[in-house]
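Have the viewer open as you read.

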Amino acid sequence: MGTSIPTPASNLGGASSLDNSDLRAWKASQVGDGSWRLADFFQETLAMTRRLFIQLQRRPSTLIAGVIQPLIWLVLFGALFQNVPAGLFGESRNYGQFLGAGIIVFTAFGGALNAGLPVMFDREFGFLNRFLVAPLASRYSIVVASALFIATLSLIQTAAILGLSALLGAGLPNPLGLLLVLTIVLVLVLGVTALSLGLTFALPGHIELIAVIFITNLPLLFSSTALVPIDFMPGWLQWVASLNPLTYAIEPIRYVYLHSDWSLGSVVLQTPFSPVPLGVCLGVLLGFCGLALVLIQPLLRQRMA
Amino acid sequence: MVAAVTIEHLKKAYGSVQAVEDVSLTIPAGEIFGLLGPNGAGKTTTIRCLCTLATPDHGRLEVMGIPVLEQPRRVRQYLGYIAQEVALDKVLTGRELMALQADLYHLPKPIAQRRMEEMVSLLDLEEWADQKTGRYSGGIKKRLDLALGLLHQPEVLVLDEPTVGLDIESRSAVWSFLRQLRAAGTTVLITSHYLEEVDALADRVAIIDQGRVIASGRPTDLKDQLGGDLITLRLREFTTLAEAEQAQQQLRQLAVVQNVIINTAQGNSLNLVVERQVNALGTVQEAMAAAGLPVFGIAQSRPSLDDVYLAATGRTLMDAELAAVGQRDLKQEKKQAMKGG
């Protein structure tokens, strides 16, 4: 059938532009150049991130719900323990002030834990194949795009929680303290997003992913210092809380709320094994984040390839 | 002949299912190549391996002379992949998806911008490009999918079942578009279980069955290899195997008859290959009468690709298709395909 004559189809336009000479020349200039380029990584990451923000702009309900939910937590949960005698929650003036740090971290954590879900749906739907057949500089661009998106949402949520806490009388950290809060939120979000995407590629489908999210979310909240101080807990739970990365995000934020003279050496947490300075908390968070990124590397390379 | 794609002894299993047993292909540059076979024959797995979506268990693959397993990223620059099911983000517009695609292939902005406009006019998407893809009909979706796959001007375009689920008009539009692509020098690989599609489009074809290539070459050559015209003979509406075998014995003695196959899947009808341009019909009918065997129906035809398939496997594509439908666990396959690896 090699003799069939090309016939222009009724509903397809003229075939004048099947070949773009500029594009051909550009491609020829790329040939043999398998080198890794940061500019390529930025380009693909930015494009994936843009897609997520367009989705958000056209379907803003996740953002609206995501801002309202922690505020409801703050108000209702705060009111629940409003009449607890002063001094029971460490140095915090009232429970609302104590709770703010926990809600900030828990909200960022929850958002990042769910980061894998849209990617899982892309995978099930076949859209992810577009990324996988493309010559991406690195598949970490998928992780970074998700993390950038979730981080932006988390920062908006954090700002809303900080604002409402201030209105409820918890005050605000000093500017440098605010910067520390944002840094902690970002590091936590990057690490947890990486883990969530790792699960997305390791698990068979969204049902399993939702199940894992479900059994991870609240237990990690209750075994951290988000809702009560560590010295409130029974001994065994103190150990669990001391191994929970969320604790290392919550305590520095709580500390800078109360102490404008904070430094990296300030002891912010008293674990059963030793006192932990703020700088070490940051180190633990960075280590957790780095470990998560390294752990998912084989999944990115093999599961998707 | 310059090979655009070379596949040598590809093997791939998903769990205990051997999806591809042994597939070797050479696709010349600038041609349309058809991978024909029933559902479940291993076509999709073969192209998933080619497009770096699955890792083969064994075998060597090359695209434009570049080894796929060793240099997947370079190979991806040369390949365009159009999946069987169109997967679009329904919240985004066609133009936004094209911009995303252009960035995934790292096209410089000015070139990407022009190329997008070219694709929009080439595929007649002016009316749709700025609408969310959620509003598109099946045909429009396929056109956008083609635009996305061609945006980076791939040397080799791979299409998995390009016209499944399309209406007749869209199907013929896709066919003529693929011919235009070939005329412009692009190598096109399609998989299909439609005989007519492969027969109409492909310069070369490989027929694949149960994970193996059972015949390959130009469609005309494959048909000519069968030797001559075909006669389908039915002794009765439902012929017994014994009677069919008896007729087979008789027919083999005839000089004009080159080959006789009993098609067990079609009620033990007899498929004969006969010399061209002789009154074979009459000869066969006389032989049956002489042997005291009935003739319920008899017809002569030029061989089709289906006959090539039948000669190699003893069943028609349609029968293989029907058999496969009963055996497959589609959910399980989708899961496996999604896992990749």
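## Chain B at a glance

Of the 341 residues in chain B, 48% count as buried. Keep in mind that this is a predicted model. Chain B has 13 helices and 14 strands, and its C-alpha atoms fill a box of roughly 80 × 40 × 40 Å along the principal axes.

If you look at contacts in chain B with a separation of 6 or more, 71% of them come from residues 24 or more positions apart.

In soluble globular proteins, nonpolar side chains tend to be buried together. Here the largest nonpolar core has 161 residues, and those with the most contacts inside it include A:Val105, A:Val189, B:Ala147 and B:Leu189. Helix H8 of chain A, residues 175-202, gives the most to this core, with 14 residues. Apart from that core lies another, of 16 residues, with B:Leu230 and B:Val257 among them.

## H5 against H8 in chain A

How do the axes of H5(A) and H8(A) cross? H5(A) covers residues 116-125, and the two axes come within 9 Å and cross at roughly 25 degrees. Angles under 35 degrees count as roughly parallel, so that is what H5(A) and H8(A) are to each other. Their crossing is right-handed.

On the H5(A) side the contact is made by A:Gly116, A:Val119, A:Met120 and A:Arg123, and on the H8(A) side by A:Ser196, A:Leu197, A:Leu199 and A:Thr200. These contact residues divide into four nonpolar, three polar and one charged.

Key: Residues are numbered from 1 along each chain as its sequence is written. Chains are lettered from A and ligands numbered from 1 in the order in which they are written. This is a predicted model: local features need pLDDT of at least 70, side-chain atom pairs count only at pLDDT 80 or more; totals for chains, interfaces and linings use all residues. Helices (H or I, at least four residues) and strands (E, at least two) are DSSP runs, numbered from the N terminus. A residue is buried if 20 or more other C-beta atoms lie within 10 Å of its own, exposed if 12 or fewer, and partly exposed in between; C-beta atoms are placed from the backbone. Two residues are in contact if their C-beta atoms, placed from the backbone, lie within 7 Å. A nonpolar core is a set of buried Ala, Val, Leu, Ile, Met, Phe, Trp, Tyr and Cys residues joined through C-beta atoms within 7 Å. Axes are lines fitted to C-alpha atoms, for helices over the stretch in contact, and angles run from 0 to 180 degrees between N-to-C directions. Angles under 35 degrees count as roughly parallel, over 145 as roughly antiparallel, 65 to 115 as roughly perpendicular and the rest as oblique. A crossing is left-handed if the near helix is turned anticlockwise from the far one by less than a right angle, and right-handed if clockwise. Ala, Val, Leu, Ile, Met, Phe, Trp, Tyr, Cys and Pro count as nonpolar, Asp, Glu, Lys and Arg as charged, and the others, Gly among them, as polar.
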